[in-house]
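Visitor: Please take one part of this model and describe it closely, giving the cut-off behind each term as it comes up.

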Amino acid sequence: MLRAERMSRVLIVGPKPLLEGSVEILHRVQSVHLVDYAGADEGFELGRPLARSAETSESLLKLRAIAATLKIEREEGGVLPDAPPDVRDRILALEQRITEEEENRKRIEGLVQDLGTKIQERTPFPALGLPYEAYHGYASLAVLVGPMPKDAAGLEGQAPRIELFTGGGYLAAFVPKAQESAVRDALGRQGFSSVEVPETEGDPREVLARYQADLEKWRTRLTEAEGRLQTMREKFADFLLKAEAGLELAVEKAEAPLRFATSEHTFVVEGWVPTARVDPLRAELQRTGNVHVETEPAHAPAHEDEAEPPVLLRNRGVPKRFQFLVSLFSTPSYHELDPTLFLSIGFPIFFGLMIGDAGYGALWAVLGGLGYAKMKPGQFRDLMFAMMLGGLMATIFGLFVWGEAFGIPFHLKIPSDIVALGGTNPGLAASKYAEWTREAAHELSWACGDLAGVANPCLGVDVPVVPMMNKLQKLDIVAMLLVSITLALLHLTAAFVLGIVNEWRHSKKHVAAKVAWILALWGLFAIIFSVVKAGCDGWIIGEATHCQYTYFVSGTLLPWADLGNLVTIPVVGISMPLSSLVLLLIAALIVAATESPVAPMEIASVLANMISYARLAGIGVAKAATIGAFNLMLVPMVLGDDLVWKIVGAVLLVLAQMLVFFLGAISAGIQAIRLNWVEFFIKFFKGNGTVFRPFGEKTATEA
Amino acid sequence: MAVETGLVAMAAGITMAGSAIATAWAEKVVGGATVGAIAENPKLFGRGIALMVLPETIVIFGLVVALQLISKIVAE
C-alpha cells in the first residue's frame, strides 16, 4: 500500500507477420505501458500503421461527420464498442442518405427564408390600393413609397403637383422628377425612408396571397425534412455511438506500430509491465508463435535522466478514496512512498478537530454518505467520502471533547480557572464564580438547570456528556493550542520518518539531515511545554485544563526531557530545558555539516511549521465564536413569546446555521488539506511520477 | 475592568488586524500569480493552492500571539 506496484521493463521482439496478432493481444491484456520509440538506432525505424489504418480512420472521420449532422452527442461514460464487419459499407450508405437529406433540408430552409424576405417587401402595397404596374414606367415622375410620416400635408407646399396615396400606415408619393430631391429632404426630416418597389405586375393582394401560400407549403416540407432527419437520428444513434467506439479501438490498434521500432523483418515493442503480470503476458504472446519477451525488474535510477517506471498505486478501500487528493498535488514517483494512507488518516482527524461539533459533524456525515452513495464514480464522489469520514470524526470530537451541537454546548461549563482556584483560594473562587454566573445567565445550553441559581436560556435537551473543554473559554483555548502543537509533533515526526525511508537508498547525508530535523522538532516541543509547565507550577490555578494537559504530555511524550532542569542562555536570556539545548545543538551541527553552514537557521522554520498547526484550534474557535454570536442573538428570539418574532428568529437562525455549516466545512476542508500538502508532504514527497496507462486501457475505462 | 486589561485586549486586536491584513495582501499577490499559472497549465492546481495558502500561517501566528495575550487577562 505504501509502495507503487512493482514494474518490469519489457522488450517484445517478434517477426513482422506476427505484429498484428501481438498488437491484438497487447490491447486485450491491457498490462503494457508503451514507451514510444524515439527512432535513434541504426537498422531500425518507426513502424508503419497496419494496412487497414487509413481506411479505418477515414470511416471514423465520416462517421463523426454524420454524428455531427444528426447532432448525436456522445454520452458521459461511453458505450460498449461494437464495430460489425460491414461497418464501412453501412457508414458509406448512411453518409449518402444523410448528405442528400441534409442538403434537401438546407435547400428548403433557404427557400423559406427567401420567401419570408419577399413577403416582408410586399407588405406595404395591398393597403395602398394600386396595382404594381402603376408604380413603373414613368418618364417624368418619381415614386416614393415608405412608412407614413407624421405630417404629410406640408408636402404639397414643396411640390404643388404631388399626388399622394395612403393606407395601412404607408405612403406612396408620385412627384415630378424636378421636385424629387426637395420632397425627399422634407420627408427625410420626418424620419421617412423609402422602400424598393418590386418589379412585378398584378394586384398586390393577390401577389402577397400567392407568396404566403408558397411559404406555408415550404414550411410544411421543411418540417417533414427535419422529421425525417430526426427519425434517422433515433434509428441510427445507437449504431453510430457503438461503431464510433469500435472504430476508435480499431484505429488505436492500427496505429500502434507507430510507437514501435521495426527493422526489415522484425518489430520491437518497449514498455513497462507490472512484474506480477509478466508471466501471463509472456504466455499469451508466445501462443501466437515465435515472439520473444525479455524483462528486467525496475531498479533505482543510476543517473538523473534515466527513465522512471510509470506509477500504478495500489490503494484499496478507504485510502483509495483519498488518492485524488494526492494526485491533485502530484503523482508520487516510482521510487518514493505513496502518502495516500497517511493523508486518509490525517485529513478526517484534522477536519474533525476544526469542526468539532456533533451537530455539523453528523450532518456532514449524512450528507457525505448520501453523496457517496448516489453519485457516479469520480473525484467529487471521493470528496463526498472524505467529507463523510471528516463528519464522523467531527461528531466524535463534538460529542466527547467539546460536548456541543450547532454551536450550543450541551451543558454550561464552569471555567477551569475558577475550578482550580477552589482548591487554593476558596474565597477568590467564590467571588469569581459569582461574577461568572452573572455572565453565564445569558449563555445558551442544551440542558436546563445545570447550575443552581443560573437561569440561562436553554433548549431542554439533556445529553449526559460532560464537556472536557469549551471553545470560548480562554484557558481551554490555550489547552486546544497545546493539543494542536502535540498533533504537529506527531504529524511532522511521521513526515520526517517517511523522508528518511525515501532518502535511505538515495543519500545518507539527507537521511542524517532528516534525523537532525526530528531532534530539533522534539527539542522545540520540549521548550514550549517547559514554558507552559513553569507557568503552571507556581500558579494558584495550576489545575486549569491547559495545565492538566501539560502535565499529561510531560509525563507521556516528554519524560526524557526533564522539563524542570532549565538552563539560561547567557546574552539573550532565554531559558530552556537542558535536554532541548542539547538536541538543538546536535541538530544544528548535523545540518550545518550535511546541508549548509547556514542551515541551522532553518530550525526556526520547524518551529513555524509546528505553530502552523495552531490553525486546528484557531479555526475551531473562530467558527464557534461566529455561530455563538448568531445563536446568542437569535435563539432567545425563537424561545420568546411573540409569534412573529419567533418566526423571524427561526428563519434567520436557519440561515446563520447554514452559513456556518458550509463556510466552516470549506475552511476546515481547505486547511486540513493544506496541513497535509504543505507541512506534511514537503518534508518527504517529491512527486512528478508518470501515471501507468497500459495500452488499450483508455477505451476500456470509458466503456 | 482595569486599564491594563483593556490595553492587553487592544494589543490582541491590533495583532489580529495586522497579521490578517498581511496575510490577505500576501495571498492576493500569490493568488493572482497562481490563477495565471493554472490557466496556462491546469496540472499546477495542487501546487498552486499549496503555495497560495502558505501565507495563511502569518495570521495563525497572529492568532497564537493574540490568544496568549488574552489568556494573560485571566492570570492577573
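Guide: What follows is one connected account that begins with a single chain and then turns to its partner.

This is a predicted model, in which local features need pLDDT of at least 70 and side-chain atom pairs count only at pLDDT 80 or more, while totals for chains, interfaces and linings use all residues. Residues are numbered from 1 along each chain as its sequence is written, chains are lettered from A and ligands numbered from 1 in the order in which they are written, and side-chain values use heavy atoms, with hydrogens and water left out.

Chain B has three helices and zero strands, in the order α-α-α from the N terminus on; helices are DSSP runs of H or I with at least four residues, strands are runs of E with at least two, and both are numbered from the N terminus. Its radius of gyration is 18 Å, well over the 11 Å that the globule rule gives for 76 residues, so chain B is more spread out than a compact globule; the radius is taken over C-alpha atoms, and the rule is 2.2 Å times the number of residues to the power 0.38. Along the principal axes, the C-alpha atoms of chain B fill a box of roughly 55 × 15 × 10 Å.

Of the 76 residues in chain B, 33% count as buried, where buried means under 20% relative accessible area, exposed over 50%, and partly exposed in between (1.4 Å probe, protein chains only). Chain B exposes about 4500 Å², of which carbon and sulfur atoms supply 77%; the areas come from the Shrake-Rupley method with a 1.4 Å probe, and for residues only the protein chains shown count as cover. Among the contacts in chain B between residues at least 6 apart in sequence, 78% join residues at least 24 apart, a contact being heavy atoms within 4.5 Å. The mean positions of its 4 positive and 5 negative charges are 15 Å apart.

Leaving aside neighbours within four places in sequence, Phe681(A) is in contact with Val326(A), Phe329(A), Pro339(A), Leu343(A) and Asn676(A).

Asn688(A), in the loop between helix 21 (643-680) and helix 22 (697-702) of chain A, has a positive phi near 70° although it is a residue other than glycine, and at 65% relative accessibility Asn688(A) counts as exposed.

Notes. Lys and Arg count as positive and Asp and Glu as negative; His and the chain ends are not counted. The place of a charge is taken as NZ of Lys, CZ of Arg, CG of Asp or CD of Glu.
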